[in-house]
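Hello,

Here is the structure you are taking over. My notes on it follow below.

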Amino acid sequence: MDDSFKAACLQVNAGTDLQRNIDVASHLAVEARAAGADLICMPENVAMMEWGRSNVVLKAMPEDDHLALKAFADLARELSCWLHIGSLAVLLEGGMVANRTFVLGPDGAIKARYDKIHMFDVDLGLGEVYKESATFSPGAEAVVAKLPWGRLGLSICYDLRFPHLYRAYGKAGCDFLAVPAAFTRTTGKAHWHVLLRARAIETGCYVFAPAQIGSHAGNRETYGHALIVSPWGEILADALEQPGWIMADIDPRKVADARRKIPCMEHDRPFAMPPRA
């Protein structure tokens with residue numbers, strides 16, 4: 001049986017208009033599906049790129065009432081394909097927000113959900129400061145989505161810098177890793193490609209990394225370059241710096257091939273660390 005399929009990653013320039021963002025992402029998804037995509041992956045904050053705690057909380061919605069979730073569920077049913085919603089701002093009790101991924105089946109039902117674990121609290125210099133923990137409540141569970149072609153480990157953006165999460169996914173039998181992102185231009189130019197390729201190489205997984213691109217509210221700039229990376233670390237598709245979508249043929253047998261050649265996940269050994277001076 002041929003278990004290969006086509007995966008697409010979207011690249012968008014989301015703003016603060018929820019309906020416009022939904023329409024743009026949906027249009028790109030329709031194009032990708034018409035080109036043969038079986039799995040379509042959207043970027044982080046696909047429906048809203050707001051700035052400032054008060055603005056984000058004002059526009060976030062409870063999961064049960066989230067207009068973007070309802071629209072994308074309808075889209076998954078209409079296209080009859082698997083749809084990975086990079087992330088939505090989901091309002092929680094107590095005034096905090098979850099940065100939440102959803103994986104939808106062809107029937108539009110939620111097959112998996114994941115809350116971003118690692119918060120982007122950084123000072124990049126020259127006034128570029130981010131403190132996600134002021135607005136977002138971090139998740140506490142890794143999540144694996146079961147697709148017809150294999151297992152998909154879920155993560156979001158800043159999670160990419162924590163390799164133990166992805167190693168755990170590899171050891172849990174994941175074949176694919178999802179890394180939807182809104183990587184800053186500053187950090188993306190320095191680290192995006194190398195980190196995504198490293199996660200693929202370390203685990204022997206395909207990596208699907210849809211992305212935001214361009215200028216956003218709050219004078220933010222995102223890097224773009226949505227990527228699809230093979231289990232051997234090869235870049236199969238790169239969206240560069242324009243909105244649109246990319247697609248690649250995915251052969252799960254190549255996961256087993258990469259792991260057979262370099263079975264590093266079977267080679268863990270205990271070791272002791274020296275005491276701190």
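A nonpolar core is a set of buried Ala, Val, Leu, Ile, Met, Phe, Trp, Tyr and Cys residues joined through side-chain atoms within 4.5 Å; buried means under 20% relative accessible area, with a 1.4 Å probe and protein chains only. This is a predicted model, in which local features need pLDDT of at least 70 and side-chain atom pairs count only at pLDDT 80 or more, while totals for chains, interfaces and linings use all residues. Residues are numbered from 1 along each chain as its sequence is written, and side-chain values use heavy atoms, leaving out hydrogens and water.

The largest nonpolar core has 49 residues, and those touching the most other members are Leu-39, Leu-154, Phe-176, Trp-192, Leu-196, Phe-208 and Ile-250. Another core, of 31 residues, lies apart from it and includes Leu-10 and Ile-85.

Phe-176 has contacts (heavy atoms within 4.5 Å) with residues including Trp-149, Phe-208 and Ile-250. Its bridge partner in E11 is Tyr-206. Strands E10 (residues 176-178) and E11 (residues 206-209) pair in the parallel sense over 3 bridges; strands are DSSP runs of E, at least two residues, and helices runs of H or I, at least four, numbered from the N terminus. Two strands pair if DSSP finds at least two bridges between them.

Ser-155 is in the loop between strand E9 (150-154) and helix H4 (163-171). Ser-155 counts as buried because its relative accessibility is 0%. Its side chain makes a polar contact (here, a donor and an acceptor among N or O atoms within 3.5 Å) with the side chain of Tyr-166, at 2.8 Å. The side chain of Ser-155 also reaches the backbone oxygen of Ala-178 at 2.6 Å.

Conventions. Buried means under 20% relative accessible area, exposed over 50%, partly exposed in between (1.4 Å probe, protein chains only). Lists of a residue's contacts leave out its neighbours within four places in sequence.
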